[in-house]
Amino acid sequence: MNNSNSNGDTSLMQKEQSESVHRFTERSGDYYSAEFEKIQSSTRLTLSFNVAAALFGPFWGAARNIWGFFWLSTIAMLFALVQLGRGLWGELGADKLAQAARLGSKSQEMAAKAQVALEAGAANAQALLRNSDNLQRAANKATAAANEAAKGAEQLVIWGAVFLIVVMIFQGLIANLVYEKKYCRWRADYSEKNGFSMMNLLLGSAMLAIMLPLMLYRFTATKPVAWLIEFPADKTVFNSASSWLDSAFDAVAIHGSGFFDGITSGIRVLLDGLEVVLVDTPWPVITLVILFMAWRLAGPRVAIFTVAALAYLAFLGYWEKSMATIALLGAAATLCVVVGVPFGILCAKNRTVDSIARPVLDFMQTMPAFVYLIPIIAFFGTGKPPGILATLIFGMPPVVRLTALGIKQVPPSIVEGALAFGCSRRKLLLDVEIPLAMTSILAGINQTILMCLSMVVIASLIGAEGLGTDVLMALQFAAKGQGLLAGLAILFCAMIIDRIVQGCFKPTGRPAD
């Protein structure tokens, strides 16, 4: 009785599965129902071959709404077809043959001049003959290279055909596996597109009809049309945009000079104070303070490493420049923390601010540093304060992002409990959310400090002195030893700061190794 009930339940589940697959696929439901059942019933990688996907990979992917499969299949098949086209129709040695023809023509002209010179008894007749022979040898080499390139056409045809067959086999092997994964997603979320789409099939066919002829023409034609190789851009547009930006920068710099000078003066005050502490203070005092911090916050092993690193900086003459670099870093990191932590909290609390700040932070992190040095120089000039501002742009995103992440990850139950006991919004932030998010905030501060230190070489381009200047000079004069020693000095500074900062937020309170 139990066996009959079990068999009945199994048959009912199989029937429901089959109906579900039929609704999902709309066409060839019986085939996909059997293949999906085979895939799902096996605990190992199942061998399932889809002939339609193997023969018509991109078309199958488009019709079944699997656009990732469509694009990968399209790229692979285009690559194979291009190799076949180059081997069958491409004139592989055409450029070398044209070069050989030009050299041969020049050789004949030179030989004619040499003959005239010989008849006239000119002194340069032998030189003209040698030049003619050299040109002829170069023409013969170009002809031989053209012949070798032409022989390679057969290999291109063979390799293109082999690659095309491999692509088709691979498409057939993975198609049902990919389609079954899509079916599982559709079962969990019916908003997933399913069925056989004739519109997508037509769209995919249209894209292939555009891409394939252009690709074959581009790689098989001896001289493709210019607009296909290079976009027909109008240089006047670029020149007009560049001139307009130059005028805009100049206008902003002139009208906002007071504002920019005020920012520069404020940064200079902070930087001068740090340089007095780090550079002008006797080195034994600074050494003692750094070693004590390393020992108390990060443990004896880090303290021993700190001794070795400081000895390296001192004995190689990098002490003053290292302290100047750390002063630049301290000023930039302080500004990053003072501005970034409150702004990160605001992003976590306000969705509108977060949605606006996210692309700005992406821009700050992805824009090459050499690009945003341009407006920094235009508005603030050169020197240490502009270098700190450039470092500020590069180093602020981590502390903003990780502060916002830490505040968002505070458990809602804890927040609700604190509010239920009468906690005000201010007390909630200061006594509950920030302490719980402190690990994430300190990790952001640590990342910001290291990213600021990584900017010292780039900041030296605009007059920010320090260890970056030595690296820059080594690059200019190809002084490999000087550059390596200065780079190691920057590395040791980074490692000391990283270990000490990490020791501030060890969760167990034990010293770091």
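Student: How much space lies in the largest pocket?

Tutor: In this predicted model, about 630 Å³ of space lies in the largest pocket. Its lining is made by 25 residues, and Leu278, Met293, Ile326, Ile497 and Ile500 lie nearest the centre of the pocket. The elements that give two or more residues to this lining are helix H11 (257–280), helix H12 (283–298), helix H13 (300–315), H14, H20 and helix H23 (480–503), and H14 gives the most, with 7 residues.

Student: How many residues of the lining of the largest pocket are nonpolar, polar and charged?

Tutor: The lining of the largest pocket divides into 23 nonpolar residues, 2 polar residues and no charged ones.

Student: Which residues make the contact between H14 and H20?

Tutor: On H14 they include Leu329, Ala332 and Val337, and on H20 they include Ile441, Ile445 and Leu453. By class, this contact of H14 with H20 has 11 nonpolar, 2 polar and no charged residues, and the crossing of the two helices is right-handed.

Student: What makes up the lining of the second largest pocket, by class?

Tutor: The second largest pocket, which holds about 290 Å³ of space, has a lining of 1 nonpolar, 7 polar and 3 charged residues. Of the 11 residues that line this pocket, Met13, Gln14, Gln17, Glu37 and Gln40 are the closest to its centre. Helix H1 (2–25) and helix H2 (29–41) each supply at least two residues of the lining, and the largest share, 6 residues, comes from H1.

Student: What makes a space a cavity rather than a pocket, and how many cavities of 30 Å³ or more does the search find?

Tutor: A cavity is a set of points where a 1.4 Å probe fits but cannot get out, whereas a pocket is an open set. The search of the whole structure finds 1 cavity of 30 Å³ or more, and about 90 Å³ of space lies in the largest cavity. Leu328, Thr391, Val456, Ala459 and Ala464 lie nearest its centre.

Technical notes
Residues are numbered from 1 along each chain as its sequence is written. This is a predicted model: local features need pLDDT of at least 70, side-chain atom pairs count only at pLDDT 80 or more; totals for chains, interfaces and linings use all residues. Side-chain values use heavy atoms; hydrogens and water are left out. A crossing is left-handed if the near helix is turned anticlockwise from the far one by less than a right angle, and right-handed if clockwise. Helices (H or I, at least four residues) and strands (E, at least two) are DSSP runs, numbered from the N terminus. Contact means heavy atoms within 4.5 Å. Ala, Val, Leu, Ile, Met, Phe, Trp, Tyr, Cys and Pro count as nonpolar, Asp, Glu, Lys and Arg as charged, and the others, Gly among them, as polar. On a 1 Å grid over the protein atoms alone, a cavity is a set of points where a 1.4 Å probe fits but cannot get out, and a pocket is an open set with protein on both sides within 12 Å along at least five of seven lines; lining residues have an atom within 4 Å of a point. Grid points are joined across faces, edges and corners, and a volume is the space filled by probe spheres set on the points.
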